[in-house]
Amino acid sequence: MFVLGLFTCIVLRAFSAQAKVVVSFDDCKGFFYKDTEPGGMDQNAKKICQKLESDHYYYATLYSVHGRIPLYSAYIFDPECSSTAGRTENWHIEPQTLIRKLEKKQSISSDYSDSGYDHGLLNPNSFQCDEGRIATFTLTNAAPMDESFNRIHWKNWERALRSFLRSKLDSHGGSATVYIVTGTVPDDDVRIPLKGTSEDPERVTVPSHIWTAVCYKHHLNDTNSFSFGYIGKNQLSETLSMLTLK
Ligand SMILES: *[C@@H]1O[C@H](CO)[C@@H](O)[C@H](O)[C@H]1NC(C)=O
């Protein structure tokens, strides 16, 4: 009975991730540099302020209902926690309210089974701490990433970015905020599950590229602020390039 109780508790916890579909990012615009969301995105995409049980928001996501993938997640780098996350398989299925709103428009875990694609997290768990880390494990923060791309190339870039940002923050005594947006470039020609592998195939768009834009804002001396970005092709071979940000 105790074991059952514990199990129920864990399951409830795993399913307790809330997300709030909103008409604007007003409640969570603080995750964007200068409170300003990136422009030029799909007008039908859903704005989501990502939270857990409480009304605290952890990051913001723009979610494509059509492609069933996030177009981007916007988040603030938290340097405090270890990079070894202890990856959880407890994917948050979004709460009933969101599910009703999206009407089966979300990707589900089985869409990815045996597809050769991982649930790649846009807001990476290694950039967050504690509850913020738990909040990254939601399907609205995940897009199909080629297994090798996700586990080798993108992971290496995340690791390099993380240690670079940590050392910068250290050298500035922490008096800076790092705003990051990580997004996808949807490719409607590639969708999973592949035809013939599922009764409900081609539900989820596979991005051709994954990109990250970084705004490092020093609080006291703007000559120490900087920004840059990079983009990678979502495939086995390493083709990452730097981006110039306007
Ligand atoms: C701001 O930082 C730059 C580069 O580190 C430095 O040369 C400059 O003196 C600083 N300005 C102030 C007002 O501290």
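Student: Which residues are around the ligand?

Tutor: Happy to go through it with you. Please keep in mind that this is a predicted model. The ligand has Asn221, Thr223 and Asn224 around it, and each of these can be followed down to its side chain. From Asn221, a polar side-chain atom comes to 2.3 Å from an oxygen atom of the ligand. For Thr223, an N or O atom of the side chain is 3.0 Å from a ligand oxygen. Asn224 also takes part, with a polar side-chain atom 3.4 Å from an oxygen atom of the ligand. As for cover, the ligand taken alone exposes 360 Å², and the protein buries 24% of that.

How far can the rest of the model be read? The mean pLDDT of the protein chain is 83, and 81% of the residues score at least 70. Among the elements, strand β4 (residues 69-76) has the highest mean, 97, while helix α1 (residues 2-14) has the lowest, 36. Throughout residues 1-16 the pLDDT stays below 50, and this stretch makes 10 contacts in the model beyond its near neighbours in sequence. Where pLDDT is low, predicted coordinates should not be read in detail.

Now to the cross-links. The whole structure holds two disulfides, and with the bonded cysteines counted along the chain their pattern is 1-2, 3-4. In one of them, Cys28 is bonded to Cys49, with 2.1 Å from S to S. The torsion about that S-S bond is -75°, and the link is left-handed. Cys28 sits in the loop between β1 (18-22) and β2 (46-51) while Cys49 belongs to strand β2 itself, so the bond ties together parts that lie 21 residues apart in sequence. Cys28 counts as buried because its relative accessibility is 2%, and Cys49 is likewise buried because its value is 1%; the cut-off for buried is under 20%.

The other disulfide joins Cys81 to Cys129, with an S to S distance of 2.2 Å. Its torsion about the S-S bond is about 125°, so this link is right-handed. Cys81 comes from the loop between β4 and α2 (96-102), and Cys129 from the loop between β5 (117-121) and α3 (130-134), so this pair ties together parts 48 residues apart in sequence. Both Cys81 and Cys129 are buried.

One more residue is worth a visit: Arg191, which belongs to strand β7 (residues 176-192). Its relative accessible area is 15%, so Arg191 is buried. Its side chain reaches the backbone oxygen of Glu202 at 2.8 Å, and a polar atom of that side chain also lies 3.4 Å from the backbone oxygen of His66. Setting aside neighbours within four places in sequence, the contacts of Arg191 include Gly67 and Arg68 beside His66, and Arg203, Val204, Thr205 and Val206 beside Glu202.

Note on methods: Residues numbered from 1 in each chain as written. Predicted model: local features only at pLDDT ≥ 70, side-chain atom pairs only at ≥ 80, totals over all residues. Heavy atoms only, no water. pLDDT = per-residue confidence, 0-100. Helix = DSSP H or I, 4+ residues; strand = E, 2+ residues; numbered from the N terminus. Contact = heavy atoms within 4.5 Å. Buried < 20%, exposed > 50% of the residue type's maximum accessible area, 1.4 Å probe, protein only. Polar contact = N/O pair within 3.5 Å; in protein donor to acceptor, adjacent residues only side chain to side chain. Disulfide = S-S within 2.5 Å. Near = heavy atom within 4 Å. Areas by Shrake-Rupley, 256 points an atom, 1.4 Å probe, with all protein chains shown as cover.
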